[in-house]
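This report covers helix packing, a pocket and some backbone details.

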Amino acid sequence: MNSRRAFLEHTLLGAITVGTLDFWNAIAEHTAAPPNGRLPVVIATWDNQKATDAAWQVLAKGGRALDAVEAGARIPEADPMDTSVGYGGFPDRDGNVTLDACIMDEFGKAGSVAFLQHILHPISVARRVMEKTPHVLLVGDGALEFALAEGFKKENLLTETARKAWEEWKIKSEYKPVINIERHDTIGIVAVDDQQRVSGACTTSGMAFKMRGRVGDSPIIGAGMFSDNEVGAAAATGLGEMVLRTLGSFLLVEEMRRGKHPMKAAETVVRRLAQKYPKEARENQVGYVAIDKKGRFGGFSLQPGFNYTVYQQGVNRVFEADSFFKK
Ligand code: SD4
């Protein structure tokens, strides 16, 4: 047995004993990099298996990462049961469902929409902004006008369930972000396809019962999501204000550029939050997911309870993230 193989087997065996996630990352870390070895790969925040499955349908056919992340993001956008993304999302304090989304392709181009109302698929509008305008970010009525001009339909996105939740909220009208609300929040989804093209997307209805006009991290390139074809991509979920102040996804990609494994890079960014904002960090949740160009992945959060979904080598699975604060 040659020494490289012996090293590999030793490493993998060691990893198996410490857990499946380490096992998969050890494979990713120590296997030579044929494009189809551990690529393609897609990762999404929370248990979003239907979304990663939609993305995988694109990736498995040799499709483009950009198409995969858009296809994935559209799943919770259209799901009325998902109360934090698109149709069915909880409204702002005045009863309006307002949506934020962004997308980046392998060329480093970016498009986003913020404070957009009445459009079922903000992620696809963000893609049109990227591909059809000289701009990166359109907001509010301007974003809506653009969407309508592009042929998107104006729809009512407030479901009966969301309306009832809002009516109940109004009784006390307390604004308090809830940690891990239902464990299926904003979707950030990033992918590397078998040609090593890296892309990412992020879409949300934002914090429930927010102030009218509030925009979170999700549509802000470098905050809610960042993708760099030389390195990899990252996405965030949780209290957007904390992510915005630290440009968390950009920072995470830069940590990977300096050589960190996605898991370590995510941990570094979360530690930064905990150090800089000790009180807020203790009371709120922020979680990150990341992948690098080699197909390695990771996730890390402030609070326990964050999970993420990875589709790789034909297997779609959910992992519990490690966290800065423990139970
Ligand atoms: C926001 N980051 O608007 C989003 C919300 C979210 O888990 O991710 N919730 O701040």
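How much space lies in the second largest pocket? About 190 Å³ lies there. The model is predicted: local features need pLDDT of at least 70 and side-chain atom pairs count only at pLDDT 80 or more, while totals for chains, interfaces and linings use all residues. Residues are numbered from 1 along each chain as its sequence is written, and side-chain values use heavy atoms, with hydrogens and water left out.

**The pocket**

A pocket is an open set of points on a 1 Å grid over the protein atoms alone, where a 1.4 Å probe fits, with protein on both sides within 12 Å along at least five of seven lines; lining residues have an atom within 4 Å of a point. Its volume is the space filled by probe spheres set on the points, which are joined across faces, edges and corners.

The second largest pocket has 11 lining residues. Asp-47, Asn-48, Lys-50, Asp-79 and Asp-82 lie nearest its centre. Helices α3 and α4 each supply at least two residues of this lining. The most comes from α3, with 3 residues. The lining divides into 4 nonpolar, 3 polar and 4 charged residues. Ala, Val, Leu, Ile, Met, Phe, Trp, Tyr, Cys and Pro count as nonpolar, Asp, Glu, Lys and Arg as charged, and the others, Gly among them, as polar.

**Helix pairs**

Helices (H or I, at least four residues) and strands (E, at least two) are DSSP runs, numbered from the N terminus. Axes are lines fitted to C-alpha atoms, for helices over the stretch in contact, and angles run from 0 to 180 degrees between N-to-C directions.

| Pair | Angle | Axis distance |
|---|---|---|
| α3 (residues 49-59) and α4 (residues 65-77) | about 155 degrees | 7 Å |
| α4 and α5 (residues 122-132) | roughly 145 degrees | within 8 Å |
| α9 (residues 248-257) and α10 (residues 262-276) | roughly 135 degrees | within 9 Å |

Helices α3 and α4 pack at about 155 degrees, which makes α3 roughly antiparallel to α4. Angles under 35 degrees count as roughly parallel, over 145 as roughly antiparallel, 65 to 115 as roughly perpendicular and the rest as oblique. The crossing of α3 past α4 is right-handed, meaning that the near helix is turned clockwise from the far one by less than a right angle. Contact (heavy atoms within 4.5 Å) involves residues including Ala-51, Ala-54 and Val-58 of α3, and Ala-68, Ala-71 and Ile-75 of α4. By class, this contact has 10 nonpolar, 1 polar and 2 charged residues.

Helix α4 also packs on α5, with axes crossing at roughly 145 degrees. Among the contact residues are Glu-70, Arg-74 and Glu-77 of α4, and Arg-127, Met-130 and Glu-131 of α5. The contact of α4 with α5 divides into 5 nonpolar, 1 polar and 6 charged residues.

Helices α9 and α10 cross at roughly 135 degrees, which makes α9 oblique to α10. This crossing is right-handed. Contact residues include Leu-251, Leu-252 and Met-256 of α9, and Ala-265, Ala-266 and Val-269 of α10. The contact has 7 nonpolar, 2 polar and 2 charged residues.

**Backbone details**

The Leu-39 to Pro-40 peptide bond is cis, with omega near 5 degrees. Pro-40 lies in the loop between α2 (20-30) and β1 (41-45). Trp-46 lies in the loop between β1 and α3. Trp-46 is not a glycine, yet has a positive phi of about 60 degrees.
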